[in-house]
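Dear colleague,

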Amino acid sequence: MDECQINLLQYLCSKTQVDVDSFDVDISTEIPGCVDATSNQAEIYCEMIKPRHDSLVKEVLAFSTNMKSEFPTLRLEELAFEVMAIRLAFLIIPNITGSVHVMANPCYSYHKEKIVETGTRLHKICNLLDPAFDTNRLIMKVASTWEGLQACRELTICGIKTLATTVFTMEQAVLAGEAGCISISPFVHEAKAHFDEKYSDEVPLLHLCIQAQQFYKKRSMNTKVKACATLSLDEILQLAGVDALTIMPDDLRNLLKGTGCTRLAESQSLFGDTSIPDGGDYPSYLDDESTYRLDFSRSGQGAGQYKLMQVLAIFSDFQFKGEEFMKPHQQFLS
(Lines give C-alpha, C1' and ligand atoms only; values in the text may rest on other atoms or scores of the structure.)
Protein backbone atom coordinates (compact mmCIF):
# COMPACT_ATOMS: atom_id res chain seq x y z
CA MET A 1 0.00 0.00 0.00
CA ASP A 2 1.26 3.47 -0.88
CA GLU A 3 2.51 5.28 2.22
CA CYS A 4 -0.09 7.97 1.53
CA GLN A 5 -2.84 5.32 1.66
CA ILE A 6 -4.56 4.09 4.80
CA ASN A 7 -7.33 1.66 5.55
CA LEU A 8 -10.45 3.74 6.18
CA LEU A 9 -11.58 1.78 9.24
CA GLN A 10 -8.14 2.05 10.82
CA TYR A 11 -8.10 5.75 10.04
CA LEU A 12 -11.51 6.29 11.60
CA CYS A 13 -10.56 4.30 14.71
CA SER A 14 -7.56 6.59 15.13
CA LYS A 15 -9.85 9.63 15.26
CA THR A 16 -13.00 8.47 17.02
CA GLN A 17 -14.53 5.56 18.90
CA VAL A 18 -16.16 3.18 16.43
CA ASP A 19 -19.25 1.25 17.55
CA VAL A 20 -21.34 -1.35 15.75
CA ASP A 21 -24.98 -0.45 15.25
CA SER A 22 -26.27 -4.01 15.47
CA PHE A 23 -26.69 -6.97 17.82
CA ASP A 24 -25.75 -9.41 15.04
CA VAL A 25 -22.98 -11.44 16.64
CA ASP A 26 -21.44 -12.25 13.25
CA ILE A 27 -20.77 -8.56 12.59
CA SER A 28 -19.02 -8.14 15.92
CA THR A 29 -16.61 -10.95 15.02
CA GLU A 30 -16.14 -9.80 11.44
CA ILE A 31 -15.26 -6.14 12.12
CA PRO A 32 -12.22 -5.42 14.31
CA GLY A 33 -11.90 -2.44 16.59
CA CYS A 34 -15.53 -1.87 17.58
CA VAL A 35 -15.92 -0.68 21.17
CA ASP A 36 -19.67 -0.56 21.92
CA ALA A 37 -22.66 -2.32 20.37
CA THR A 38 -25.93 -0.44 20.07
CA SER A 39 -29.48 -1.47 19.26
CA ASN A 40 -33.04 -0.23 18.99
CA GLN A 41 -36.43 -1.90 18.60
CA ALA A 42 -36.03 -2.28 14.84
CA GLU A 43 -32.65 -3.97 15.17
CA ILE A 44 -33.79 -6.29 17.97
CA TYR A 45 -36.86 -7.31 15.96
CA CYS A 46 -34.89 -7.94 12.76
CA GLU A 47 -32.38 -10.07 14.67
CA MET A 48 -34.83 -12.09 16.78
CA ILE A 49 -36.91 -13.25 13.79
CA LYS A 50 -33.93 -14.92 12.13
CA PRO A 51 -34.46 -18.72 11.99
CA ARG A 52 -31.17 -19.32 13.77
CA HIS A 53 -32.73 -17.79 16.90
CA ASP A 54 -35.81 -20.04 17.02
CA SER A 55 -34.51 -21.96 20.02
CA LEU A 56 -33.47 -18.73 21.73
CA VAL A 57 -36.99 -17.31 21.31
CA LYS A 58 -38.43 -20.39 23.04
CA GLU A 59 -35.81 -20.16 25.77
CA VAL A 60 -36.59 -16.47 26.32
CA LEU A 61 -40.33 -17.13 26.51
CA ALA A 62 -39.82 -19.96 28.99
CA PHE A 63 -37.60 -17.76 31.15
CA SER A 64 -40.05 -14.85 30.94
CA THR A 65 -42.97 -17.09 31.90
CA ASN A 66 -41.08 -18.40 34.94
CA MET A 67 -40.06 -14.88 35.96
CA LYS A 68 -43.39 -13.20 35.24
CA SER A 69 -44.26 -12.95 38.93
CA GLU A 70 -41.18 -10.76 39.42
CA PHE A 71 -42.68 -8.23 36.99
CA PRO A 72 -46.47 -8.37 37.53
CA THR A 73 -47.27 -5.12 35.72
CA LEU A 74 -45.86 -6.30 32.37
CA ARG A 75 -47.51 -8.35 29.68
CA LEU A 76 -45.59 -11.53 28.93
CA GLU A 77 -44.77 -10.44 25.37
CA GLU A 78 -43.37 -7.12 26.55
CA LEU A 79 -41.21 -8.80 29.17
CA ALA A 80 -40.03 -11.34 26.61
CA PHE A 81 -38.99 -8.59 24.19
CA GLU A 82 -36.81 -7.02 26.89
CA VAL A 83 -35.33 -10.38 27.86
CA MET A 84 -34.58 -11.08 24.20
CA ALA A 85 -32.73 -7.76 23.90
CA ILE A 86 -30.59 -8.66 26.93
CA ARG A 87 -29.91 -12.19 25.67
CA LEU A 88 -28.78 -10.84 22.29
CA ALA A 89 -26.58 -8.35 24.14
CA PHE A 90 -25.01 -11.20 26.08
CA LEU A 91 -24.14 -12.95 22.81
CA ILE A 92 -22.30 -9.95 21.42
CA ILE A 93 -20.56 -8.57 24.50
CA PRO A 94 -17.63 -11.07 24.47
CA ASN A 95 -16.67 -9.62 21.07
CA ILE A 96 -16.50 -5.97 22.10
CA THR A 97 -14.48 -4.08 24.67
CA GLY A 98 -17.11 -1.55 25.74
CA SER A 99 -20.81 -1.53 26.51
CA VAL A 100 -24.08 -2.80 25.07
CA HIS A 101 -26.98 -0.41 24.55
CA VAL A 102 -30.60 -1.50 24.95
CA MET A 103 -33.42 0.93 24.23
CA ALA A 104 -36.33 1.48 26.61
CA ASN A 105 -39.78 0.71 25.22
CA PRO A 106 -40.47 3.73 22.95
CA CYS A 107 -44.17 3.49 23.85
CA TYR A 108 -43.14 4.91 27.25
CA SER A 109 -41.30 7.88 25.81
CA TYR A 110 -43.68 10.35 27.46
CA HIS A 111 -43.95 8.49 30.78
CA LYS A 112 -41.09 9.27 33.16
CA GLU A 113 -42.02 6.74 35.84
CA LYS A 114 -42.26 3.82 33.41
CA ILE A 115 -38.88 4.67 31.92
CA VAL A 116 -37.32 4.67 35.39
CA GLU A 117 -38.99 1.32 36.10
CA THR A 118 -37.57 -0.01 32.82
CA GLY A 119 -34.04 0.99 33.79
CA THR A 120 -34.18 -0.86 37.09
CA ARG A 121 -35.95 -3.82 35.46
CA LEU A 122 -33.28 -4.24 32.75
CA HIS A 123 -30.64 -4.43 35.45
CA LYS A 124 -32.70 -7.00 37.35
CA ILE A 125 -33.18 -9.09 34.21
CA CYS A 126 -29.41 -9.08 33.68
CA ASN A 127 -28.85 -10.30 37.23
CA LEU A 128 -31.48 -13.02 36.86
CA LEU A 129 -30.00 -14.23 33.58
CA ASP A 130 -26.37 -14.01 34.69
CA PRO A 131 -25.48 -12.82 38.22
CA ALA A 132 -21.85 -12.45 37.11
CA PHE A 133 -22.65 -9.93 34.38
CA ASP A 134 -21.20 -6.48 35.04
CA THR A 135 -24.20 -4.14 34.69
CA ASN A 136 -21.79 -1.21 34.31
CA ARG A 137 -21.51 -2.49 30.73
CA LEU A 138 -25.24 -2.05 30.15
CA ILE A 139 -26.47 1.35 28.96
CA MET A 140 -30.14 2.09 28.48
CA LYS A 141 -31.07 4.20 25.49
CA VAL A 142 -33.87 6.65 26.26
CA ALA A 143 -35.78 8.75 23.76
CA SER A 144 -35.00 12.45 24.22
CA THR A 145 -38.41 13.69 25.26
CA TRP A 146 -38.79 15.96 28.29
CA GLU A 147 -40.08 12.99 30.29
CA GLY A 148 -37.36 10.69 29.01
CA LEU A 149 -34.56 13.04 29.95
CA GLN A 150 -36.05 13.66 33.37
CA ALA A 151 -36.08 9.89 33.81
CA CYS A 152 -32.39 9.86 32.84
CA ARG A 153 -31.79 12.40 35.58
CA GLU A 154 -33.34 10.08 38.15
CA LEU A 155 -31.63 6.97 36.81
CA THR A 156 -28.25 8.71 36.90
CA ILE A 157 -28.73 9.38 40.60
CA CYS A 158 -29.46 5.65 41.02
CA GLY A 159 -26.24 4.73 39.23
CA ILE A 160 -27.90 3.48 36.04
CA LYS A 161 -26.19 4.66 32.86
CA THR A 162 -28.26 6.19 30.09
CA LEU A 163 -27.80 7.40 26.54
CA ALA A 164 -30.13 10.06 25.17
CA THR A 165 -31.15 8.87 21.73
CA THR A 166 -33.27 10.47 18.98
CA VAL A 167 -31.51 13.83 19.39
CA PHE A 168 -32.28 16.33 16.63
CA THR A 169 -31.72 19.71 18.33
CA MET A 170 -29.30 21.50 20.61
CA GLU A 171 -32.09 21.93 23.17
CA GLN A 172 -32.26 18.16 23.57
CA ALA A 173 -28.48 17.96 23.76
CA VAL A 174 -28.34 20.62 26.48
CA LEU A 175 -30.98 18.94 28.64
CA ALA A 176 -29.38 15.50 28.17
CA GLY A 177 -26.07 16.85 29.43
CA GLU A 178 -27.74 18.46 32.42
CA ALA A 179 -29.58 15.20 33.16
CA GLY A 180 -26.30 13.32 33.41
CA CYS A 181 -26.57 11.10 30.33
CA ILE A 182 -23.21 9.52 29.61
CA SER A 183 -23.74 10.16 25.91
CA ILE A 184 -26.19 11.37 23.30
CA SER A 185 -26.96 10.06 19.83
CA PRO A 186 -27.73 12.81 17.35
CA PHE A 187 -29.45 11.34 14.30
CA VAL A 188 -27.60 12.66 11.27
CA HIS A 189 -30.63 11.72 9.17
CA GLU A 190 -34.23 11.36 10.26
CA ALA A 191 -35.31 7.78 10.82
CA LYS A 192 -37.67 7.57 7.85
CA ALA A 193 -34.72 7.90 5.46
CA HIS A 194 -33.43 4.56 6.78
CA PHE A 195 -36.71 2.67 6.43
CA ASP A 196 -38.21 4.13 3.25
CA GLU A 197 -36.03 3.93 0.13
CA LYS A 198 -38.24 6.47 -1.64
CA TYR A 199 -37.81 9.08 1.09
CA SER A 200 -34.92 11.52 0.96
CA ASP A 201 -33.62 13.60 3.85
CA GLU A 202 -31.63 16.40 2.23
CA VAL A 203 -30.49 18.19 5.40
CA PRO A 204 -28.13 15.98 7.42
CA LEU A 205 -27.42 17.19 10.95
CA LEU A 206 -23.65 16.90 10.76
CA HIS A 207 -23.09 20.29 12.36
CA LEU A 208 -25.27 19.34 15.35
CA CYS A 209 -22.77 16.63 16.30
CA ILE A 210 -19.92 19.15 16.28
CA GLN A 211 -21.86 21.86 18.10
CA ALA A 212 -23.01 19.50 20.85
CA GLN A 213 -19.47 18.24 21.39
CA GLN A 214 -18.16 21.80 21.56
CA PHE A 215 -20.93 22.70 24.01
CA TYR A 216 -20.05 19.88 26.40
CA LYS A 217 -16.33 20.54 26.28
CA LYS A 218 -16.76 24.28 26.79
CA ARG A 219 -18.79 23.62 29.93
CA SER A 220 -16.68 20.67 31.16
CA MET A 221 -19.67 18.34 30.98
CA ASN A 222 -18.93 14.60 30.91
CA THR A 223 -21.55 13.72 28.29
CA LYS A 224 -20.10 12.38 25.03
CA VAL A 225 -21.49 12.61 21.50
CA LYS A 226 -22.16 9.25 19.84
CA ALA A 227 -23.36 10.15 16.35
CA CYS A 228 -25.59 7.75 14.42
CA ALA A 229 -27.92 7.37 11.42
CA THR A 230 -25.43 8.34 8.73
CA LEU A 231 -26.20 7.39 5.13
CA SER A 232 -22.81 7.36 3.42
CA LEU A 233 -19.10 6.85 3.97
CA ASP A 234 -18.55 10.52 3.12
CA GLU A 235 -20.74 11.54 6.07
CA ILE A 236 -18.90 9.13 8.34
CA LEU A 237 -15.53 10.56 7.32
CA GLN A 238 -16.83 14.09 7.82
CA LEU A 239 -17.53 13.12 11.44
CA ALA A 240 -14.04 11.75 12.13
CA GLY A 241 -13.16 13.40 15.42
CA VAL A 242 -16.56 13.05 17.07
CA ASP A 243 -16.42 11.23 20.41
CA ALA A 244 -18.02 8.11 18.94
CA LEU A 245 -19.78 6.88 15.82
CA THR A 246 -22.26 4.03 15.82
CA ILE A 247 -22.14 2.58 12.32
CA MET A 248 -24.36 0.18 10.41
CA PRO A 249 -22.85 -3.20 9.38
CA ASP A 250 -22.68 -2.52 5.63
CA ASP A 251 -20.84 0.74 6.20
CA LEU A 252 -18.43 -0.97 8.57
CA ARG A 253 -17.70 -3.57 5.89
CA ASN A 254 -17.10 -0.85 3.31
CA LEU A 255 -14.77 0.98 5.69
CA LEU A 256 -12.88 -2.26 6.33
CA LYS A 257 -12.44 -2.82 2.58
CA GLY A 258 -11.79 0.83 1.71
CA THR A 259 -8.57 2.76 1.42
CA GLY A 260 -7.83 6.42 0.93
CA CYS A 261 -5.18 9.09 1.12
CA THR A 262 -4.54 10.12 4.71
CA ARG A 263 -4.41 13.83 3.95
CA LEU A 264 -7.55 13.69 1.83
CA ALA A 265 -9.44 11.78 4.51
CA GLU A 266 -8.33 14.26 7.16
CA SER A 267 -9.41 17.17 4.99
CA GLN A 268 -12.96 15.76 4.89
CA SER A 269 -13.43 16.00 8.64
CA LEU A 270 -15.61 18.88 9.81
CA PHE A 271 -13.84 18.97 13.15
CA GLY A 272 -11.49 21.89 13.16
CA ASP A 273 -13.61 23.75 10.61
CA THR A 274 -13.67 27.23 12.15
CA SER A 275 -16.56 28.32 9.93
CA ILE A 276 -18.96 26.12 11.91
CA PRO A 277 -20.55 28.20 14.68
CA ASP A 278 -20.30 26.81 18.19
CA GLY A 279 -23.27 25.45 20.05
CA GLY A 280 -24.25 28.86 21.36
CA ASP A 281 -25.56 29.84 24.78
CA TYR A 282 -28.59 28.17 26.27
CA PRO A 283 -30.42 28.55 29.55
CA SER A 284 -30.57 25.74 32.06
CA TYR A 285 -33.54 23.56 31.14
CA LEU A 286 -33.27 20.97 33.89
CA ASP A 287 -35.93 22.52 36.14
CA ASP A 288 -37.70 24.70 33.58
CA GLU A 289 -40.14 22.55 31.63
CA SER A 290 -42.09 25.38 30.04
CA THR A 291 -38.99 27.12 28.62
CA TYR A 292 -37.62 23.82 27.36
CA ARG A 293 -40.84 22.83 25.62
CA LEU A 294 -41.15 26.23 23.97
CA ASP A 295 -37.53 26.35 22.79
CA PHE A 296 -37.60 22.76 21.56
CA SER A 297 -40.84 23.23 19.66
CA ARG A 298 -39.43 26.34 17.93
CA SER A 299 -36.08 24.74 17.06
CA GLY A 300 -35.66 24.54 13.29
CA GLN A 301 -39.20 25.85 12.91
CA GLY A 302 -40.52 22.67 14.44
CA ALA A 303 -38.31 20.27 12.47
CA GLY A 304 -36.82 18.66 15.59
CA GLN A 305 -40.21 18.02 17.12
CA TYR A 306 -41.49 16.50 13.87
CA LYS A 307 -38.46 14.20 13.51
CA LEU A 308 -38.76 13.06 17.12
CA MET A 309 -42.43 12.12 16.70
CA GLN A 310 -41.60 10.31 13.45
CA VAL A 311 -38.84 8.15 14.90
CA LEU A 312 -40.85 7.27 18.00
CA ALA A 313 -43.71 6.10 15.77
CA ILE A 314 -41.29 3.91 13.76
CA PHE A 315 -39.62 2.36 16.82
CA SER A 316 -42.98 1.84 18.55
CA ASP A 317 -44.19 -0.05 15.51
CA PHE A 318 -41.23 -2.43 15.77
CA GLN A 319 -41.94 -2.83 19.49
CA PHE A 320 -45.46 -3.99 18.59
CA LYS A 321 -44.11 -6.29 15.86
CA GLY A 322 -41.66 -7.87 18.29
CA GLU A 323 -44.35 -8.52 20.86
CA GLU A 324 -46.71 -9.96 18.24
CA PHE A 325 -43.92 -12.24 17.00
CA MET A 326 -43.63 -13.73 20.49
CA LYS A 327 -47.30 -14.72 20.76
CA PRO A 328 -47.44 -17.75 18.41
CA HIS A 329 -44.32 -19.19 20.04
CA GLN A 330 -46.05 -19.47 23.44
CA GLN A 331 -47.68 -22.72 22.31
CA PHE A 332 -44.26 -24.39 22.48
CA LEU A 333 -43.81 -23.69 26.19
CA SER A 334 -45.51 -26.86 27.44
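A pocket, as the term is used here, is an open set of points on a 1 Å grid over the protein atoms alone, where a 1.4 Å probe fits and protein lies on both sides within 12 Å along at least five of seven lines; lining residues have an atom within 4 Å of a point. The model is predicted, so local features need pLDDT of at least 70 and side-chain atom pairs count only at pLDDT 80 or more, whereas totals for chains, interfaces and linings use all residues. Residues are numbered from 1 along each chain as its sequence is written, and side-chain values use heavy atoms, with hydrogens and water left out.

The largest pocket holds about 640 Å³ of space, a volume being the space filled by probe spheres set on the points, which are joined across faces, edges and corners. Its lining comprises 29 residues, and Asp21, Asn40, Glu43, Phe195 and Met248 lie nearest the centre. At least two lining residues come from each of helices H3 (41-48), H9 (192-195), H12 (249-257) and H15 (303-329); H3 gives the most, with four. Helices (H or I, at least four residues) and strands (E, at least two) are DSSP runs numbered from the N terminus. By class, this lining has 13 nonpolar, eight polar and eight charged residues. Nonpolar covers Ala, Val, Leu, Ile, Met, Phe, Trp, Tyr, Cys and Pro, charged covers Asp, Glu, Lys and Arg, and the others, Gly among them, count as polar.

The second largest pocket holds about 210 Å³ and is lined by 13 residues, with Phe168, Thr169, Leu205, Ser299 and Gly300 nearest its centre.

Two backbone angles deserve mention. Most residues other than glycine have a negative phi. Ala229, however, has a positive phi of about 65 degrees; this residue is in the loop between strand E7 (224-227) and helix H11 (233-238). Gln301, in the loop between helix H14 (289-298) and H15, has a phi near 55 degrees. Ala229 is buried at 11% relative accessibility, whereas Gln301 is exposed at 82% (buried means under 20% relative accessible area, exposed over 50%, partly exposed in between, with a 1.4 Å probe and protein chains only).

Finally, Cys261 lies in strand E9 (259-261) and is buried at 19%. Cys261 touches Cys4 and Gln5, leaving aside residues up to four places away in sequence (contact means heavy atoms within 4.5 Å).

Yours sincerely
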